[in-house]
Amino acid sequence: MEVRVTDVKKWVGREETVPLEGPWPEALAERMEWPIVELSRASVRLQNTGHSVLVALSGDVVVDAECARCTRPFRLTVPFEGTQEFRETEPGPDDDWERYAADTIDLDPLFTDTVLLAMPYAALCREDCRGLCARCGADLNEGPCGCAPPADDRWAALADWRPKPPQPPG
Ligand SMILES: [Zn+2]
Ligand SMILES: [Zn+2]
């Protein structure tokens, strides 16, 4: 993924928004837990600040996720948003801009970081997903499985509790 900055470089203050296109980076696909299906509303905003080009990526990435409770596959749409400053000079150790050369900025590293950061650690197929029965493994979204309801174990810890013998003073 890359973007041409030929026009935006022409004068300070110039802004431009273009669609974010191209194959997503292989490095990203390898690090994703779930396969990417497509991008939607994905765009790149470029801004000439005078000494740098500010790049802002945003959009939605659609993935084939797996529900953390019932393990069912489902389509998940994850919004992403990330910005990075680019200059034509080499950054020092304390600088947080990236270098670009000529009229093209490589968006692969920024896009990879942005999408990985946006991905949730776990996802549910729906907020009230009932998950799987801990005993028989049945999908409880399809109805009760017939197992006895789990015992209320809130008092189990108390059942094992014994008072400590009094400590001798001193
Ligand atoms: Zn689920
Ligand atoms: Zn069951």
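The model is predicted. The chain holds three helices and seven strands. In sequence order they follow the pattern β-β-α-β-β-β-β-β-α-α. The radius of gyration is 26 Å, well over the 15 Å that the globule rule gives for 170 residues, so the chain is more spread out than a compact globule.

**Overall shape and contacts**

- The C-alpha trace spans about 80 × 60 × 25 Å along its principal axes.
- Buried residues account for 15% of the 170 residues in the chain.
- Take the contacts between residues at least 6 apart in sequence: 58% of them join residues at least 24 apart.

**The sheet**

- Five strands form an open sheet with mixed pairing, in the order S2-S3-S4-S5-S6.
- Strand S2 (15-19) and strand S6 (98-99) stand at the edges. Each has a single partner strand, so one side of each is left without a neighbour in the sheet.
- Helix H2 (residues 108-118) packs on the sheet. H2 touches strand S4 (53-66) and strand S5 (73-87). The direction of H2 makes about 135 degrees with that of S5.

- S2 pairs with strand S3 (residues 36-48) in the antiparallel sense, over five bridges.
- Strands of a sheet pair through backbone hydrogen bonds, either parallel or antiparallel.
- Glu-15 has Gln-47 in S3 as its bridge partner.
- Val-18 stands opposite Val-44, also in S3.
- S2 has five residues and the number buried is zero, so this strand lies largely in the open.

**Positive phi outside glycine**

- Thr-71 has a positive phi of about 65 degrees, although it is not a glycine.
- Thr-71 sits in the loop between S4 and S5. Thr-71 counts as exposed because it has 12 C-beta neighbours inside 10 Å, and the cut-off for exposed is 12 or fewer.
- Ala-102 also has a positive phi, near 60 degrees, and is a residue other than glycine.
- The loop between S6 and strand S7 (104-106) contains Ala-102. With 9 C-beta neighbours inside 10 Å, Ala-102 counts as exposed.

Key. Residues are numbered from 1 along each chain as its sequence is written. Chains are lettered from A and ligands numbered from 1 in the order in which they are written. This is a predicted model: local features need pLDDT of at least 70, side-chain atom pairs count only at pLDDT 80 or more; totals for chains, interfaces and linings use all residues. Two strands pair if DSSP finds at least two bridges between them. Helices (H or I, at least four residues) and strands (E, at least two) are DSSP runs, numbered from the N terminus. Two residues are in contact if their C-beta atoms, placed from the backbone, lie within 7 Å. Axes are lines fitted to C-alpha atoms, for helices over the stretch in contact, and angles run from 0 to 180 degrees between N-to-C directions. A residue is buried if 20 or more other C-beta atoms lie within 10 Å of its own, exposed if 12 or fewer, and partly exposed in between; C-beta atoms are placed from the backbone. The radius of gyration is taken over C-alpha atoms; the globule rule is 2.2 Å times the number of residues to the power 0.38.
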